[in-house]
Amino acid sequence: MNYRHSFHAGNSADVVKHSLLIALIQALQIKQSALTLIDTHAGCGLYDLLGDQAQRTGEAAQGVLRAFADTNPLLDDYRAAVKSVNEAASHGDEPRLYPGSPQVMAQLLRQQDFLVLNEKHPEDAQALRSVMRSTPAAVHQRDAYELWLALVPPRTPRGVVVVDPPYEQTDERARITTTLGAAHRKWAHGVTVIWYPLKERATHTRWKEQLAKLGIPKFLSVEHWLYDEEQPGIYNGAGLFIVNPPYAFTQALPPMLEALRAALAPEGHRGKLTADWLSE
Ligand SMILES: C[S@@+](CC[C@H](N)C(=O)[O-])C[C@H]1O[C@@H](n2cnc3c(N)ncnc32)[C@H](O)[C@@H]1O
């Protein structure tokens, strides 16, 4: 396990992932019934954008700092989530600290909701425990796929599983496909969010074909292509697969995607953010 999210925190993928996660959870919270939020690959929970690792890649400059330079009100909730971990530590108008998905989700918890976090890397799991100490979150240090299958269905009537692996293992996509199929058989109405990087289009297309074969209905695919032309062999952006997205979320999605595209477009590119049903 070499991947450390501290090198990448607050990049463009985090902006898209965290703003859509906030919108999705808020849409589910229109109803009062309790939610269990399960984060299978949680990371550290909080990152220092001025720290050595973040500074080495400088990725936040193309992500959260662009979102902060933008004024579209559709990104207000995202900016508020970042601001709330920076109350004591700001750096001019720019945030110094970046909240990972555990902190983003903890901020949204109502009294009736539960948050379950999982991180396998020993150092990151320890950092996560410490960062989340003042929240009601339960923190596990297990294999993500074992935990995912073991915890569904949750005890609450509804819930969301967030799956955000580093894709450093060659079988990552295969493990997700198998676990998603098994989890869906146990919990057909659960909401699942799966993050993925867009590198070679062929790998991505093949994976989508395999996922489509699971026959899972209400399967949405959101893709963020950063550049106007695909750049061979490099990171071209990222996407989210969302199983069972709530209606209020899909209705609000088109202007939100346009806001994210405009805020994150790299110099000289328009970029593209799309949402299509893999199956309806
Ligand atoms: C992309 S980061 C997570 C970022 C986090 N979800 C966020 O949005 O702030 C992926 C994390 O998964 C952890 N990880 C990798 N393989 C894992 C596994 N099999 N089980 C649990 N955690 C794993 C890594 O240590 C890393 O911290």
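Predicted model: local features only at pLDDT ≥ 70, side-chain atom pairs only at ≥ 80, totals over all residues.
Which helix is largely enclosed by the rest of the structure?

1. The enclosed helix. Helix H5, residues 101-108, has 6 of its 8 residues buried, so H5 is largely enclosed by the rest of the structure. The buried residues of H5 are Ser 101, Pro 102, Gln 103, Val 104, Met 105 and Ala 106.

2. Overall build. The chain contains 10 helices and 12 strands. Its radius of gyration is 18 Å, close to the 19 Å given by the globule rule for 280 residues, so the chain is as compact as a globular protein of that length. The C-alpha trace spans about 50 × 45 × 40 Å along its principal axes. Of the 280 residues, 44% count as buried. Among contacts with a separation of 6 or more, 78% are between residues 24 or more positions apart.

3. The sheet. An open sheet is formed by 8 strands, in the order S7-S6-S1-S8-S9-S11-S10-S12, with mixed pairing. Strands S7 (138-140) and S12 (272-279) stand at the edges with a single partner strand each, so one side of each has no neighbour in the sheet. On average, and with direction ignored, neighbouring strands of this sheet are turned by 15 degrees against each other.

4. Strand S1. What is the burial state of strand S1, residues 35-39? In S1, 5 of the 5 residues are buried, so S1 is largely enclosed by the rest of the structure. In a regular strand the side chains alternate between the two faces of the sheet. Here both faces are covered, with Leu 35, Leu 37 and Asp 39 buried on one side and Thr 36 and Ile 38 buried on the other.

5. Partners of S1. Strand S1 pairs with S8 in the parallel sense over 5 bridges. Asp 39 has Val 162 as its bridge partner in S8. Strand S1 also pairs in the parallel sense with strand S6 (residues 114-118), over 4 bridges. In S6, Phe 114 is the bridge partner of Thr 36.

6. The S10 and S12 pair. Strand S10 (residues 219-225) runs antiparallel to S12, and 7 bridges join the two. Within this pair, Leu 220 stands opposite Trp 277 in S12.

7. Ile 194 in strand S9. Ile 194 is found in strand S9, residues 191-197. Is Ile 194 buried or exposed? It has 22 C-beta neighbours inside 10 Å, and since 20 or more count as buried, Ile 194 is classed as buried. Leaving aside neighbours within four places in sequence, Ile 194 is in contact with Val 163, Ile 176, Leu 240 and Phe 241. Ile 194 and Val 163 are 31 residues apart along the chain, and their C-alpha atoms are separated by 4.7 Å.

8. Backbone points to check. Most residues other than glycine have a negative phi, and most peptide bonds are trans.

   - Val 152 and Pro 153 are joined by a cis peptide bond, with omega about -5 degrees. Pro 153 lies in the loop between helix H7 (144-151) and strand S8 (158-163).
   - Tyr 167 has a positive phi, near 60 degrees. Tyr 167 sits in the loop between S8 and helix H8 (172-186), and with 15 C-beta neighbours inside 10 Å, Tyr 167 counts as partly exposed.
   - Lys 218 also has a positive phi, near 55 degrees. Lys 218 is placed in the loop between helix H9 (201-212) and S10, and with 18 other C-beta atoms within 10 Å, Lys 218 is partly exposed.

9. Around the ligand. Which residues come nearest to the ligand? Of the 20 residues around the ligand, these are His 41, Gly 43, Gly 100, Lys 120 and Ala 144. By class, the shell around the ligand has 6 nonpolar, 7 polar and 7 charged residues.

Methods: Residues numbered from 1 in each chain as written. Near = placed C-beta within 6 Å. Nonpolar A, V, L, I, M, F, W, Y, C, P; charged D, E, K, R; others polar. Rg over C-alpha atoms; globule rule 2.2 N^0.38 Å. Buried ≥ 20, exposed ≤ 12 C-beta atoms within 10 Å, placed from the backbone. Contact = placed C-beta atoms within 7 Å. Pairing = 2+ DSSP bridges. Axes fitted to C-alpha atoms, helices over the stretch in contact; angles between N-to-C directions.
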